[in-house]
Amino acid sequence: MTIISVPGSSGLLDASPERKLSYFSNRYVLGLTLSAGIGGLLFGYDTGVISGALLYIRDDFKKVNDNEFLQETIVSMAVAGAIIGAAVGGWLNDSFGRKKATMLADVIFVAGSIVMAVAPDPYVLILGRLLVGLGVGVASVTAPVYIAEASPSEIRGGLVSTNVLMITSGQFLAYLVNLAFTEVPGTWRWMLGAAGVPAVIQFCLMLFLPESPRWLFLQGDKAEAVAVLSKIYEPDRLEEEVDQLSVIAEEELHSKTTLRLWDVFKTKEIKLAFLAGAGLQAFQQFTGINTVMYYSPTIVQMAGFSSNQLALLLSLIVAAMNAGGTVVGIYLIDRFGRRRLALTSLTGVILSLGILSGAFFLQTPSSVSGLCSNHDLHDECKVGPFGWLAVGGLALYIAFFSPGMGPVPWAVNSEIYPETYRGVCGGMAATVNWVSNLVVAQTFLSLAAAVGIAATFLILAGVGILAVAFVFAFVPETKGLRFEQVERLWKERARGNVNGSQSLLEGGM
């Protein structure tokens, strides 16, 4: 059981008195978290399942097998849909609430799953992929915000990171489903259609769950908001939370305007917050995580292992390590803080990318004394030492990335924006993540062919160094802070009081 202690502080941020909470101390909050986190499961399943399904789609549709662009379109159309879904997701969250946005995402996802399962040709399949992507994009914005707004600040980071655990678990589940349906007629239809089941489950659960209490309160439904908050907080803490929300509601009443995208860039503190949030999302992708998740079998074969079975097994191991590392991140994020965890994670990522680059640079055809059999997984693999070093670097990369740069960007983006901007800024930052995802996925193999795989990993390591500098310069620590305290932190930084505001937080680091 994880116990989180948040030391008190004094000064401009007026930190909360010391409290100790467990992730499991309130089953109601945990239930809300897991229900909302099914959106993350859908996110992960969709990104993982297509790698196996595409093999059988190519068998069924000759035009797909003969056209690499069509294959790339089938894979990337879900990402394109997610970009659109994330872009409108913030507006849906603010206009209709987190609950209705989640349920709409489920409906879209189920529709997309059905279209994919019955697709008579690749073009209808592409339409289904677009629909599924739209649902994933909306869910990627909504789930972290819903969880954050229903979580006590002391354990908010860990609970939001549970959504990332659901993403990595969804990827692992996708690989298992791929294996399970390999001998079933209509293989890829079952693989893709099964994605609708969790969406139906989440839709049914959300019918009985409340709207975000903060959204309710700021929409004027104070009685319902207090009823939900009373299930989250003890009476003394409840009064404190309601008082804080009343102040925020009063401020918003006097400054109520229709928020537009460009309003984000009019106020210095909002610009600083968005820079930190969007920058973390971009660096999450540009440090190469999806080169590993999408192309790990290809990387292993480049290292000298040619067995398809071994490549599939490795994908399962990588997905399992990713999920396991996220559990570690949940444990650490509210103990060590977001900033420290991100910096530690990036340091390890740079080291492992350097190892991968070195392994491929040193590996020559003569260093590979043999290859694994494509037909017998039990044949002894006589791959050279640098091939094994590359596999070790790949494992080390996942071990460092998954606890830190996996959950930290999503946790930070769920808590750094004022209530008025939380939906639109969260949606814009998630869009940055999906666009970066698409760029990385579409360029990795081409870049490797142009400059070599060793140089490609070296470039990613260079991006990692830039990411470390970015975190040092632009990302403050927000561990244990209430939303109102985070808002005051950005105002201090906007006034140029960067070191001063940070020093007030060091007790929480």
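User: In this predicted model, which residue forms a salt bridge with glutamate 492?

Analyst: The closest N and O atoms of the pair are 2.7 Å apart. The partner of glutamate 492 is arginine 495.

User: How many residues apart in sequence are the parts tied together by glutamate 149 and arginine 98?

Analyst: The two side chains meet in a salt bridge, 2.8 Å from N to O. Glutamate 149 lies in helix α5 (residues 122-149) and arginine 98 in helix α4 (residues 98-118), so the pair ties together parts whose separation in sequence is 51 residues.

User: Are glutamate 149 and arginine 98 buried or exposed?

Analyst: Both residues belong to a network of salt bridges that also links Asp94 and Arg422. Glutamate 149 and arginine 98 are buried.

User: Which helix holds the salt-bridge partner of arginine 214?

Analyst: Arginine 214 forms a salt bridge with glutamate 484, with 2.9 Å between the closest N and O atoms. Arginine 214 is in helix α9 (residues 213-218), and the pair links parts of the chain 270 residues apart. Both residues are buried. Glutamate 484 is in helix α20 (residues 483-494).

How values were computed:
Residues are numbered from 1 along each chain as its sequence is written. This is a predicted model: local features need pLDDT of at least 70, side-chain atom pairs count only at pLDDT 80 or more; totals for chains, interfaces and linings use all residues. Side-chain values use heavy atoms; hydrogens and water are left out. A salt bridge is a side-chain nitrogen of Lys or Arg within 4 Å of a carboxyl oxygen of Asp or Glu. Helices (H or I, at least four residues) and strands (E, at least two) are DSSP runs, numbered from the N terminus. Buried means under 20% relative accessible area, exposed over 50%, partly exposed in between (1.4 Å probe, protein chains only).
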